[in-house]
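The following note sets out several points on the structure shown below. Please read each point with the model in view.

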Amino acid sequence: MIHLARSFFSEFSEKPIAVICLVITLIFAGCAVFAPLIAPMNPYDLRTFSLSDARLPPGAQQMEEALIVTMPLSAQAGEGGVEQVLEDGTRIVATLTPDVDGRLRLEIEFPDGFEISAIRLLSLPRDASVAGARRHPIRSEWTLIDPAQPAVIETGPQIPTVLDFSVVLEATSPATGTTFALGTDGFGRDMLSAIIYGVRISFIVGAVGALGSMIVGSSLGLIAAWYGGRIDSAIMRIADFQLSIPSLMVGLLVLTVLGKGVDKILIAIVLIQWTLFARTTRSVALAELRSDYVDAARGLRLSALRINLRHILPNCLPPLLVILTINIASAITLEASLSFLGVGLPLTQPSLGMLIANGYEYMFSKLYWIAIYPGLVLLLMVVSINVVGDRLRDMYNPQLKR
Amino acid sequence: MAGYILQRVFQSVIVLLVLTLLVFVGIWMIGNPADALISPDATMAERESAIRALGLDKPLWRQYLDFLSGLLRGDLGNSFIYREPVIDVLAARMPASLELAFVSFVIAVTLSIPLGLYAGLHPDTPLSQMIMGFSLIGVSVPQFWQGMVLIIIFGITLAILPVGGRGDTATFMGITSSLFTLDGLAHLLLPAVNMALLKMSLLLRVTRAAVMEVRSLDYVRFARAKGVRRSRIIRRHILRNVLLPVVTVLGIEIGNLVAYAVITETVFSWPGLGRLLISSIQVLDRPMILAYLCFTAMLFILLNLLVDILYTMIDPRVRDAIKSGGSK
């Protein structure tokens with residue numbers, strides 16, 4: 001067995017590109033199995049992402065929600081102050097003092113290292129104005145242009161005896177240390193994590209679908225070859241009928257009738273792909289049935305099941321494995337296409353196709369990464385599997401061996 | 001030959017019957033179209049009269065028989081959504097789909113056969129390797145994503161081609177099509193390339209494989225030994241035999257061209273039959289879905305016949321086989 005594996009790999013690796021693609025395929029398979037361990041975030045967990053991170057470009061940092069401190073300030077004859085101590089012990093003091101020109105200077109003190117991104121003054125009197133600040137077009141709200149400079153409030157010719165307003169501080173939100181390597185989507189989900197989970201769904205759907213097709217198809221092929229006659233021609237007529245309808249059309253019809261869902265898409269894949277397995281198995285099995293060792297097995301009165309599974313099926317395996325590999329790739333593409341058309345998987349199970357479909361609407365506002373990266377990953381996955389399949393086919397095709 | 005054609009048509013009619021029956025039962029299983037169509041505010045009486053007007057009060061087998069008898073008379077009923085005969089809705093959308101299919105087909109065939117021929121005749125040159133690498137990506141890339149990349153590159157970043165809709169149309173010799181205006185052609189280019197790329201890559205690979213097989217056969221070697229001109233060997237000895245598998249694949253691929261138009265038309269907002277199918281599926285417009293099916297099935301039948309006839313023209317052996325098969 002080990003010897004067989006070694007000779008298989010030494011022949012397989014005659015083409016280095018095939019080895020690279022095999023490695024990439026295995027990495028994707030690993031992604032599919034270990035997605036929850038690899039992905040930086042869980043894209044299904046609503047608590048891990050927030051809308052404030054939506055549509056960030058690749059490489060952006062995740063920010064914590066900004067801290068906003070509102071301090072009511074009450075001044076008498078232009079003098080007053082307010083002090084607030086935050087939960088972490090940071091002390092912020094705002095003092096208002098009249099200067100010689102009858103204006104009011106607002107000074108805000110906060111410890112070093114506490115970064116302020118904006119200071120706003122709310123509900124000042126209508127006739128007041130603030131130097132070095134912009135007024136909100138409608139509300140009585142002033143935003144200081146330079147938060148480091150003290151604000152100068154002009155309240156007209158006389159300083160009002162009582163002046164009430166609020167000082168609002170907005171702290172610079174610190175980075176959480178999480179980087180969105182591939183940006184975020186419209187919900188603020190990390191694209192990298194979403195892609196890894198998408199690979200998991202796409203790969204599993206493709207592999208399970210193609211495997212299921214192989215089991216169904218080769219069983220039917222064996223039955224057709226063993227019994228022959230009417231059973232054979234009935235199975236093969238159905239296969240011919242299926243092959244005459246484009247696979248995407250079959251998928252569309254099946255999912256229209258059955259509705260969305262992973263199980264339904266697997267049914268669609270099996271319905272589409274069993275034909276090729278059945279035909280191949282049948283043609284190989286027909287040749288094997290004429291051979292002496294099958295006659296010998298029959299002579300030993302082994303059961304039909306045993307002869308088929310232990311004697312005939314192993315001989316069908318090499319071509320079946322080639323078809324399996326290529327069908328995994330086409331099942332992945334089919335699922336992605338159906339999901340893109342909105343009839344494939346439900347929204348709660350974002351496969352790569354669904355991620356690309358989500359990116360479609362953002363493409364026109366130049367937020368390309370939402371659609372491009374999942375597509376590149378999908379392409380890489382399908383190309384790698386196809387190259388591996390091509391290599392296997394070349395190895396098992398005696399015509400090409402010279 | 002006539003018997004053969006008749007047999008094919010008969011098979012296709014059975015296929016069509018099975019398909020429509022499956023869709024009929026399938027849509028009936030997922031839900032009553034009446035629920036989707038009649039507003040929830042409607043009174044019981046309004047509801048019942050609407051159901052009767054749509055013919056949904058009859059038992060399912062009766063509805064199916066009604067559909068079949070309508071089909072024989074060429075009447076496929078009215079769309080649940082558009083409230084007009086589905087034939088009219090289909091006919092209005094058809095030119096857009098046909099011109100798209102036609103242009104992408106032309107692009108695919110005119111590029112793939114020469115490229116495949118070259119790659120098969122000179123398999124080891126760097127250009128051949130490039131062609132094959134390109135075609136590998138072409139067969140692997142998901143069509144919808146490829147279309148989006150085309151939009152991003154040519155429609156948004158370079159902003160040189162329009163990316164949605166059909167553009168201006170003009171009427172020429174009684175056919176209204178966007179093929180006859182510059183704006184229409186500009187709108188057509190990206191969707192057509194999107195649809196052609198996969199077909200082209202596939203045909204290219206088939207052509208190359210066939211060329212590589214044929215070029216080492218005895219009669220080609222013999223012709224070369226006789227001193228026949230190279231261009232003549234390629235034309236008469238290689239290309240003629242290569243065309244056989246190419247035509248077979250073409251026949252299958254035309255069917256796929258119709259099916260995958262659904263994707264292209266969705267990506268490029270192309271007002272054709274494919275988009276009609278998707279929107280009809282979303283609202284369970286049963287007459288529309290059935291009409292689309294019947295129409296495409298009929299198209300397949302016609303195209304397959306055409307391919308078969310083409311086949312007999314290219315290969316005399318096939319003609320003989322059909323003749324002997326027919327006399328049996």
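1. Two residues are in contact here if their C-beta atoms, placed from the backbone, lie within 7 Å. The model is predicted. On this basis, the contact between the chains takes 29 residues from chain A and 28 residues from chain B.

2. On the side of chain A that touches chain B, α5 (247-258), α8 (304-340), α9 (352-363) and α10 (369-396) of chain A each supply at least two residues. The largest share, seven residues, comes from α10(A). By class, this side of chain A has 21 nonpolar, seven polar and one charged residues.

3. The largest nonpolar core holds 145 residues, of which Met191(A), Ile195(A), Val199(A), Leu100(B) and Leu203(B) touch the most other members. Helix α3 (residues 191-227) of chain A gives the largest share of this core, 16 residues. Leaving aside residues up to four places away in sequence, Val199(A) touches Phe28(A), Cys31(A), Ala32(A), Leu352(A), Val377(A) and Met381(A). Another core, of 17 residues, lies apart from the largest one; among its members are Ala75(A), Trp142(A), Val167(A) and Leu169(A).

4. In chain A, 10 strands form an open sheet with antiparallel pairing, in the order β7-β10-β5-β4-β3-β2-β11-β6-β9-β8. Strands β7 (129-131) and β8 (133-135) of chain A stand at the edges; each has a single partner strand, so one side of each is left without a neighbour in the sheet. From one strand to the next, the twist averages 25°.

5. Within this sheet, strand β6 (residues 116-122) of chain A pairs with strand β9 (residues 141-144) of chain A in the antiparallel sense over three bridges. Leu121(A) has Trp142(A) in β9(A) as its bridge partner.

Methods: Residues are numbered from 1 along each chain as its sequence is written. Chains are lettered from A and ligands numbered from 1 in the order in which they are written. This is a predicted model: local features need pLDDT of at least 70, side-chain atom pairs count only at pLDDT 80 or more; totals for chains, interfaces and linings use all residues. Two strands pair if DSSP finds at least two bridges between them. Helices (H or I, at least four residues) and strands (E, at least two) are DSSP runs, numbered from the N terminus. Axes are lines fitted to C-alpha atoms, for helices over the stretch in contact, and angles run from 0 to 180 degrees between N-to-C directions. A nonpolar core is a set of buried Ala, Val, Leu, Ile, Met, Phe, Trp, Tyr and Cys residues joined through C-beta atoms within 7 Å. A residue is buried if 20 or more other C-beta atoms lie within 10 Å of its own, exposed if 12 or fewer, and partly exposed in between; C-beta atoms are placed from the backbone. Ala, Val, Leu, Ile, Met, Phe, Trp, Tyr, Cys and Pro count as nonpolar, Asp, Glu, Lys and Arg as charged, and the others, Gly among them, as polar.
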